[in-house]
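Could you walk me through how to read chain contacts and strand pairing in a model like this one? Let us take it step by step.

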Amino acid sequence: MSVEKNWEPKIIAFTCNWCTYTGADLAGLNRMKYPENVHLVRVPCSSRVNPQFILRAFQKGCDGVMVCGCHPGDCHYATGNYFTRRRFMLMKRLLEYNGIDPQRFQARWISGSEAAKFRDTMTQVTAQIRELGPNSKFQEKWYQEGGPENE
Amino acid sequence: MSRTGVIICHCGTNIASMVDVEKVAEEIGKIPGVVYSVTNKYTCSEPGQQMIKDAIEEHSLDRIVIGACTPRMHETTFRKMLKGTKINPYMLEIANLREQCAWVHTDKEKATEKAISLVRMSVAKVGSNKPLFTSFIPIHKKALVIGGGIAGIQAALDIADAGHEVTLVEREPSIGGKMVMLDKTFPTLDCSACISTPKMVDVSAHPNITLKTSCEVEAVTGYVGNFEVTIRQKARYVNHDICTGCGLCETKCPSKISDEFNQGIGERKAIYKLFPQAVPAKPVIDAQNCRKLNGSAKCGVCQIVCPLQCIDFEDKDQLITETYGAIVVATGYELIDWTKLYGEYGSGRYADVISGLQFERLVNASGPTEGHILRPSDQKEPKDVVIVKCVGSRDEKKGKSYCSRACCMYGAKHAHQILEKIPGSNVYIFYMDVRTPGKGYEEFYNRTREDGATYIRGRVAKIYKEGDKLICTGEDTLIGKPVTVKADMVILETAMVPARGVEEIVSKLGISMDGDHWVQEAHPKLRPVETQTAGIFLAGTCQGPKDIPDTVAQASAAAVKVCGVFSKEQMETSPMISRVNEEKCCGCEFCVKCCPYSAIAMKEIDGREGNRKIKRMVATVNSGLCQGCGACTAACRTGAIDLLGYTNDQILKEVDALCL
Amino acid sequence: MNDTLEIKREAQLRETARRLLEDGTVGYIIGWGTTRFEDKTAPLFAAKPEEADRLVWNEYCINSLAKYSLDDKYPEKKIGICVRGCDSRAVNRLVNDKQIERENLFLIGMPCSGKENSVCEGCSHKNPVVYDILIGEPVEENTEEKASAERFREIEEFEKMSPDERYEFWAKQYDKCIRCYACRNICPACSCKECYADQYMVGWQGKQNNRAESQVYGLTRAYHVGDRCIECGECERVCPMGLPIMRQTKKMLKDINDLFGNYECGVESERAPVLGEYDLTDRDEFM
């Protein structure tokens, strides 16, 4: 499969409203620069993120998926991210077991004050995924455009 | 088909300088369902808002997307604006084009492309938005305070003074708690009873306070504004409506039991008042030790001597259920049982190794020795006294890892009292550190040292008896040499631990505890008197070790929080909460386990199985408790529980829109 | 298999079943019956005492029976179910998931020394973990070493492959999948009133039968049941296309064991599923 010209990684990040989304806003206020490839979906808490969303994102064409929330112990809802942690530790392993590169799905705790960490994480993840190239695994589009014969 | 209106804000030049807003508006205008797509210089301004209002009328819009600054900035502004239109305030989505696009990118072309994606995601999401409506829950303006120590007393008085009804529940026969056991309070050396008993009397006399002693909370259901609380009134065997508290019964009672108020030093009767200034000042019968009630003898002397026939041996526990709008938990602390943990200090075999609280009773004028410091073993005045701090505190191996905060100061106070009351006495204080964070505390510590207390930095490794002396050996870590002190009495300043039974009360209330079983506050810095459950507040040491000033301050803070709840007739609840689709719910209770607020309960509904009517269980969300975190939604395999405002459908639409 | 012992067990089963049906303890009994093939049995529902003799007990009694109780969640009389170790764990599963009430069941415990089924090889509970009556004497359990060595052997092998190899393997498997949902229908952990895959919600699960949708289905299924899987292997056995479905759920179980300590589902009756609780000291990889 040849890499499309001008291909840009498409990265979706599910971020909790109270920490990471706030941290991203702070990065904006501080005019920190990071790649355009990252798109945030705002959710109230990282525990709102159903692991099925991640599957859907890969299926529909995302090259990288992230789930970000408050650091354990700092959850606005007290315990939400402890569930997040369990859910995604398992989901990440299951994805990798099914052949997804570890970098393509990542979870991170980024607090509302960690604008620099937000910038650095997003820059790093984008670079990693750029390195990996477009994702074909689990993707509907790839299947529809020729399927197994196209391998 | 929905009719979406899109407004892309220039934000002056904030967005427009990095994003080609006209192009964004043009591209978004091509999406089916978007019937109106324009740019605006300052959307949040008055003219900007008016423009949206006009567009809603003119283009019959039924939902709005605004591409502007972060929704955390103006979401409420625009929702408020929509209140005046025919569109529901929740038919709005904001795409973050400033903080998360224009301000963080450098390539205008790419930033514009990203902006289009972001707005497209919002357009997709808003397509699935549904009108949401805030609901109101009634507030019962009556508070329940659990625990009648100084924290509970202060909270109850403050709430009552603000004009609200309060019920104060105490499981002991009298309020007063630990503070009333103390002799003097540091650093000012006020008499503890002199400053706390007037407050106790105020409680009993306050028209807004219902005092319930010998009572325990049996069950709690409901939510903020509407807690249904069942209280168990334990049998007292004395009719307090008639009893005048003359005390005749107490003098005649033949049973003598170790006195718990005096920490086991001294005795009390089976019919007793907890202490002379008890509130209410009326006795109760300790059924376990009463000869008549435990069946060991016929007795009944109290019944015979009582001039008013108050004694009722047939008295039974009673359950009372009432509705409260808010609850203050003030269950307090107790001291760690060092005898089980510290074999090297004799495990309680030596009568003259006592706890700090026992010393408080010894030195107290109304205590068993009438304020004379006498060794429990032989009633002699001790000359050499060793005080050991951090017994059970800061000791991960045997006790607790935390610092109990008050011991440094009351240790100094004990030293001061001994030196003052026993001329020629010597006091040796074994310490790890001296922590004096408080007004006048460091000064008090210095004064104690000037009084002649000897501070030795190190732990006591062993205490053993030699003749009538207690030999304390340890190491002075400052000089690195072993030290031995021959003492007549040893005072252990033991760690505070949560009061017994805190686990039960916590589970009844549906709040949480930390690893050491202190009740968990909602946020360690910003919400220290609240719990995760709306309407339940914390006061005093149930939340963690603290001294009296901090306890009283927190109690007043909790009272203000209660008054805050009571300041409205009804409470508005956010509509962005979880909702259960009962048709799909299979009743597996998975969501119940994930909810941090105990907001999900199971209820029985009518169902049909073949041609039979059946009852089945489904989850139901309490709108008063749900805070809208959505943890339950990801736990539900069926997708039967969904978070309004962030539904599965809405989020997946966003995902799909990004991937177009 | 000790034949005489098992023949005796069959006789005891029939006798017990007859008695239970005669005295009205149960409304009917779910067990195994013969088919026209000598090496196959099929679930049998015996409602009359005289039908008790149609129950069989041999090495072909493979089908898991517990889930049939879901078809009659509100029975007038108790349902008698023959339970081997795996079936009894399935019963615990359904009880813990609040799908059936234990009081509605009468469990006839069948100690089982293994059937003509590959999953029985590393069985860790040959004797039922819960029952109301036990037929015959308990059988000897596999040694813990054997059961644990067998449990995740395949998964460990598979993990050694490269990500691309693993992807290729699964992609080929999911190309075969016809999305008949037999794996779901047989699974005692799949007890939703309406499976997410059957719902009309576009984003949840596409209905097309293509690789991507089947992959999403496969992973979602594994995630949904992974922390509650009782390792009976029925999903894999019933798959008409021969997908190694257990390797997905067992992967989840293996990780759960690695991350959160020893974990086996349906053995105790009250333990919460791993994803329904948390521990402050859980490993943190997301810093």
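Q: What should I know before starting?
A: This is a predicted model, in which local features need pLDDT of at least 70, side-chain atom pairs count only at pLDDT 80 or more, and totals for chains, interfaces and linings use all residues. Residues are numbered from 1 along each chain as its sequence is written, while chains are lettered from A and ligands numbered from 1 in the order in which they are written.

Q: How many residues of chain A and chain B take part in their contact?
A: Two residues are in contact if their C-beta atoms, placed from the backbone, lie within 7 Å. Here 35 residues from chain A meet 35 residues from chain B. On the chain A side, α1(A) gives the most, six residues; helices (H or I, at least four residues) and strands (E, at least two) are DSSP runs, numbered from the N terminus.

Q: Which element supplies the largest share of the side of chain A that touches chain C?
A: That contact joins 31 residues of chain A to 31 residues of chain C. The largest share on the chain A side, twelve residues, belongs to α3(A).

Q: How many bridges join β11 and β12 of chain B?
A: Two strands pair if DSSP finds at least two bridges between them. Strands β11(B) (residues 215-223) and β12(B) (residues 226-233) are antiparallel, with eight bridges. B:Tyr223 is opposite B:Asn226. The two strands form a hairpin with two residues between them, and B:Gly225 in the turn has a positive phi of about 85°.

Q: Which other strand pairs with β12(B)?
A: Strand β17(B) (residues 318-324) pairs with β12(B) in the antiparallel sense, over seven bridges. There, B:Arg232 has B:Leu319 as its bridge partner.
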